Amino acid sequence: MSYHLTRKAPMRTTAAVALVTALAAGCTRGSEADSATTVSNAKAGCPAVLAEAKKAVKAAEDVNAPWNGPTTGPRAVPAKTIVYVAQSMTNPGVAGAAEGVKEAAEAIGWKVRIIDGQGTPAGIQAALSQAVAIKPDGIVLSGFDPKSTAQQVAQANAAGIPLIGWHAVDAPGPSTDPKLFSNVTTRVQDVAKISADWVISQSNGRAGVVVFTDASIPFAKGKSDLIEKELATCSDVKVLTTSNIPIADASNRTPQEVSALLSRHGTKWTNSVAINDLYFADAAPSLRAAGKQGNGAPFNIGAGDGDPSAFQRINSKQFQAATVPEPLSEQGWQIVDEFNRAFAGTPASGYVAPVHITTADNSGGKSSWDPKGYREAYRKLWGK
């Protein structure tokens, strides 16, 4: 869910996903029923945990939840220019947030320039150097670690240019080291917990789980550790394997790993959680070759950005049942609002978007998560 968790690659077109909040509601439907019979008929070994998980999942699946963002803030500061430095515009999360920034900037009456770092350390450093040289009113650091551009960040700080991150550091809100007016992201703790809660809920508290992670990245390892900690709150949910596959090697290593896992665990493998959706694009061919149904076990949830290919797998019910997507456009609007606060001399909003779960039942066939109400709310704040 951050710069750490996305490899530079063309957007996947592999069909995939599927499945299910039906079990969370205590029932199954159609072709899902046979695959789910074992878990749905088994009595949960953690009734209290299961009840809480189902409650949390139901709230996270709500597509009509009211806007809970900032209700007070400064009026629009006029005639500003911001530069959006992108880790790579081939990264769907970075590109989605960029579109939100462009849309919000037009609404507030500002100019935006996007500079693409092309996904390489040298390219990102050059892009940020170029951004600082332009002397804009503000700069977005999107999808990369500011410590990898420490010299350019220091130059921007010295020039008094406010910096706002999108998935630039692990935690949301202001940062002192590196110095950021704010960082816009969901909380990794919330994402990890709701992903595990979905597994507990979907399986009725009885699951054999494979967790896919990249232990070479501290952020990713931290997320998967949090997922496993939450899964452990239910006594009949067992982590069968923690599969450590570096994101950069996922396309090469995941198919073979999935075949091995199927051989080792068989039908005990009922669910998967991955720190990024991309693992399921790579897993699908092996699952299909093994005769698995796209809308059957293992039921897979991605605790990642929720890129368009994940939505495609979910909507077509092909080896991914759910994702915990970032509200990319909304976060772009929040970035513009945070800049407006910086320019007006007021503190950051402190707002953190709540986690959401997308399934085939609530996606509406769309390819991104776009909550309701934020555009109108921000326009009202800005007097636009």
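**Helix packing, burial and backbone geometry in the predicted model**

Helix H4 passes helix H5 in a left-handed crossing. Two packed helices are described by the angle between their axes and the distance between the axes. Here, the axes of H4 (residues 121-134) and H5 (residues 150-158) come within 9 Å and cross at roughly 15°. Because angles under 35 degrees count as roughly parallel, H4 is roughly parallel to H5. On the H4 side, the contact is made by Gln125, Leu128, Ser129 and Val132, which meet Gln152, Val153, Gln155 and Ala156 of H5. By residue class, this contact divides into four nonpolar and four polar residues, with no charged ones.

Stepping back to the whole chain, the fold contains 12 helices and 11 strands. Of the 384 residues in the chain, 55% are buried. Among contacts with a separation of 6 or more, 78% are between residues 24 or more positions apart. The accessible surface of the chain comes to about 14900 Å², and carbon and sulfur atoms hold 52% of that area.

The buried set consists of Leu278, Tyr279, Phe280, Ala281, Asp282, Ala283, Ala284, Ser286 and Leu287. Their cover includes both helices and strands: helix H8 (250-265) and helix H10 (308-315) take part, as do strands E6 (207-213), E8 (271-274) and E9 (299-302). After H9 comes Gly291, with a positive phi near 85°. Further along, the loop between H9 and E9 holds Pro298, and the peptide bond from Ala297 to Pro298 is cis, with omega near -5°.

Ala53 sits in helix H2 (residues 47-60). With a relative accessible area of 1%, Ala53 counts as buried, because the cut-off for burial is under 20%. Leaving aside residues up to four places away in sequence, Ala53 touches Asp197, Ile200 and Ser201. The C-alpha atoms of Ala53 and Val199 are 8.8 Å apart in space, although 146 residues separate the two in sequence.

The remaining points concern the backbone. Most residues other than glycine have a negative phi, and most peptide bonds are trans. Against that background, a cis peptide bond joins Asp177 and Pro178, with omega at about 5°. Pro178 belongs to the loop between strand E4 (163-166) and strand E5 (182-184). Asn204 has a phi near 55° and lies in the loop between helix H6 (188-202) and E6. The relative accessible area of Asn204 is 12%, so this residue is buried. Phe319 likewise has a positive phi, near 70°, and is placed in the loop between H10 and strand E10 (322-323). Phe319 is buried as well, at a relative accessible area of 5%.

How values were computed
Residues are numbered from 1 along each chain as its sequence is written. This is a predicted model: local features need pLDDT of at least 70, side-chain atom pairs count only at pLDDT 80 or more; totals for chains, interfaces and linings use all residues. Side-chain values use heavy atoms; hydrogens and water are left out. Axes are lines fitted to C-alpha atoms, for helices over the stretch in contact, and angles run from 0 to 180 degrees between N-to-C directions. Helices (H or I, at least four residues) and strands (E, at least two) are DSSP runs, numbered from the N terminus. Angles under 35 degrees count as roughly parallel, over 145 as roughly antiparallel, 65 to 115 as roughly perpendicular and the rest as oblique. A crossing is left-handed if the near helix is turned anticlockwise from the far one by less than a right angle, and right-handed if clockwise. Contact means heavy atoms within 4.5 Å. Ala, Val, Leu, Ile, Met, Phe, Trp, Tyr, Cys and Pro count as nonpolar, Asp, Glu, Lys and Arg as charged, and the others, Gly among them, as polar. Buried means under 20% relative accessible area, exposed over 50%, partly exposed in between (1.4 Å probe, protein chains only). Accessible areas come from the Shrake-Rupley method with a 1.4 Å probe; for residues, only the protein chains shown count as cover.
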